[in-house]
Amino acid sequence: MAFAPWHLPWLQWLALSGLFALTLTIERPRAAALAGFAFGGGWFGVGVSWVYVSMHVYGEMPVLLAGLATAGFCAFLALYPALALGLAARSTSTPALRALVVLPAAWAGTEWLRGVLFTGFPWLASGYAHTDGPLAGYVPVAGVHGITLLGAWIAGALALAIRQRRGHRARPFALLIGIAALLAVGQSLRSIEWTRAVGAPIHVQLLQGNVPQNLKFADGGMKLSEEAYLPLLRDAGKADLVVLPESVLPLPLSHLPEPTVGALTDVPGRDGAALIFGIFIEQPAGHYYNSAVGLAPGTGIPQRYSKRHLVPFGEFIPWGFRWFVDLMKMPIGDQQRGDAYQPPLRLAGQRIAVNICYEDLFGAEIRQFWRDPAQAPTLLLNLSNLGWFNDSLALPQHLQISRLRALETGRPMLRATNTGATAIIDARGNVVAQLPYLTRGVLNGSIQGHGGDTPYLRFGDAPALVLIVLMLGAGLVAELRARRSR
């Protein structure tokens, strides 16, 4: 409940401090790891249980197998907090050292590892709980992993204060002063404008068709998608930029009927608006890319971005798991990756960094759009189709992730989705407009591009990762000295 849709970050400090306080008394690494595994089982068993919906409801996987697969996936994710607590218990037996140095570093380090190992799945990374609240001020400076470390340190300090009230020498008052100072600095950082508005505001229209996922790729799905989106395109008023979501139509671009292609190209030709739409591109035959195509008024040259970070089992098949993907009956389940660097789309006077679906979980990859300073993005855009998950927690959780990306980069974020959350997010991570979930409509709004760099854009995750390594090293050195002294 620290995460969206409840947005109660202080609950995370209490939950983690309780877990850390329990493990401060545990000497055996195996027992500490089991405590972390149990904590992770509850955390992910509730937080990402929506993967069951995609496998059973839309993937048509049998109930038992889908349930076992969901439980197995959550158990795998729970290995990361187990590793953090087991490592901390093995590193030191000194309560203060464990609580204030090793546990926060191990927790943040394994959270980073969860985002990179086996292509990464950093969903519900601890730092995302702090898009609101005082720690949000640190996001443009240190990114999601930096505030994961800070949040874990707060939890460790609270855990140590609990133990100190039971007769230990250290003073809990000093720890509480340290927590208050950390929060006060974070709150003051929230007032800093790290980036600046550039150019004139643009009028945007984001289309949400609410096409049921179980019908989209079935017989008649093409007609259903056309009936949902083409009238919205025709009825759309004057705009600078019109955006349709990921895989808005169930066929590759080269397979679309001519009237449908005409309806898309009419938008820049008739209305003078730039258009971005998500579509599969087959190039060459049998090779599919999950792409975004941009069309500018007055030019017949399309711009393109192709998804580069694919979802295992849904968009590419890991070795030995074709049987599992076949059971899920995922359409176009084996796709090609786009290039590691693709320049922003130049449309409506903006340089638009496009990411598709869960690509916005990977802040380090979003930073790659800044590789060429001359083409630095002024605006972020996420195209998604979360119809695979109904109205589950996945929708508000994904919106929260996009908000944190806006904070990290100091850029507004547009979100165009099939079922939600279609939203406009400003450069400070605030949702300024949003369509209701599971409805059909057009979100109208104004957005202004931003220029300049946040500290996170300059340095990325490196400062947080270096600090994590130094804390782990310091804890190990201190423990070795203590053992020699004893």
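Predicted model: local features only at pLDDT ≥ 70, side-chain atom pairs only at ≥ 80, totals over all residues.
**Entry 1: helices H2 and H5**

I began with helix H2, which spans residues 29-47, and helix H5, which spans residues 95-114; their axes come within 15 Å and cross at roughly 50°. I noted the crossing of H2 with H5 as right-handed. I then looked up which residues make this contact, and found Phe39, Trp43 and Phe44 on the side of H2, with Trp107, Glu111 and Arg114 on the side of H5. Sorted by class, the contact of H2 with H5 holds 4 nonpolar and 2 charged residues, and no polar ones.

Glutamate 111 and arginine 114 came up in the contact with H2, and I checked how their side chains stand to each other. They meet in a salt bridge, with 3.0 Å from N to O. Both glutamate 111 and arginine 114 belong to helix H5, where they are 3 residues apart, about one turn of the helix. For the structure as a whole I recorded 5 salt bridges.

**Entry 2: helices H5 and H6**

Next I followed H5 to helix H6, residues 139-164, and found the two packed at an angle of about 150°, with their axes 8 Å apart. That angle makes H5 roughly antiparallel to H6, and the crossing of the two helices is right-handed. From H5, the residues that meet H6 include Pro95, Ala96, Ala99, Leu100 and Pro104, and Trp107 and Glu111 are also among them. On the H6 side I wrote down, among others, His145, Thr148, Leu149, Trp153, Gly156 and Arg163. The contact of H5 with H6 divides into 14 nonpolar, 3 polar and 2 charged residues. Trp107 and Glu111 of H5 are listed in the contact with H2, and Trp107 and Glu111 are listed in the contact with H6 as well.

**Entry 3: the sheet from E6 to E13**

I turned to an open sheet of 6 strands, whose order is E6-E5-E4-E3-E2-E13 and whose pairing is mixed. Its edge strands are E6 (303-306) and E13 (441-447), each of which pairs on one side only. Neighbouring strands here are turned by 25° against each other on average, with direction ignored. Looking at one pair in detail, I found that strand E5, residues 288-295, and E6 pair in the antiparallel sense over 4 bridges, and that serine 291 stands opposite serine 306 in E6.

I also asked myself which strands helix H9 lies across. Helix H9, residues 221-235, lies across E2 (202-208), E3 (241-243), E4 (274-282) and E13, and runs at about 155° to E2. Helix H10, residues 258-271, packs on the sheet too, touching E3, E4 and E5, with its direction at about 155° to that of E4.

**Entry 4: the sheet from E7 to E12**

A further open sheet is formed by 6 strands in the order E7-E8-E9-E10-E11-E12, and its pairing is mixed. At the edges I found strand E7 (345-347) and strand E12 (431-434), each pairing on one side only. Strand E8, residues 350-356, and strand E9, residues 379-384, run parallel and are joined by 5 bridges, and valine 354 stands opposite leucine 381 in E9. Helix H13, residues 394-409, packs on this sheet and touches E9, E10 (413-417), E11 (423-425) and E12, while its direction makes about 155° with that of E10.

**Entry 5: details of the backbone**

Last, I looked up where cis peptide bonds occur, and noted one that joins alanine 4 and proline 5, with omega about 10°. Proline 5 lies in the segment before helix H1 (9-24). Another cis peptide bond joins glycine 420 and alanine 421, where omega is about 0°, and alanine 421 is placed in the loop between E10 and E11. I also noted alanine 348, whose phi is near 55°, a positive value in a residue other than glycine; its place is in the loop between E7 and E8.

Notes: Residues numbered from 1 in each chain as written. Heavy atoms only, no water. Axes fitted to C-alpha atoms, helices over the stretch in contact; angles between N-to-C directions. Left-handed = near helix turned anticlockwise from the far one by under 90°. Contact = heavy atoms within 4.5 Å. Nonpolar A, V, L, I, M, F, W, Y, C, P; charged D, E, K, R; others polar. Pairing = 2+ DSSP bridges. Salt bridge = Lys/Arg side-chain N within 4 Å of Asp/Glu carboxyl O. Parallel < 35°, antiparallel > 145°, perpendicular 65-115°, else oblique.
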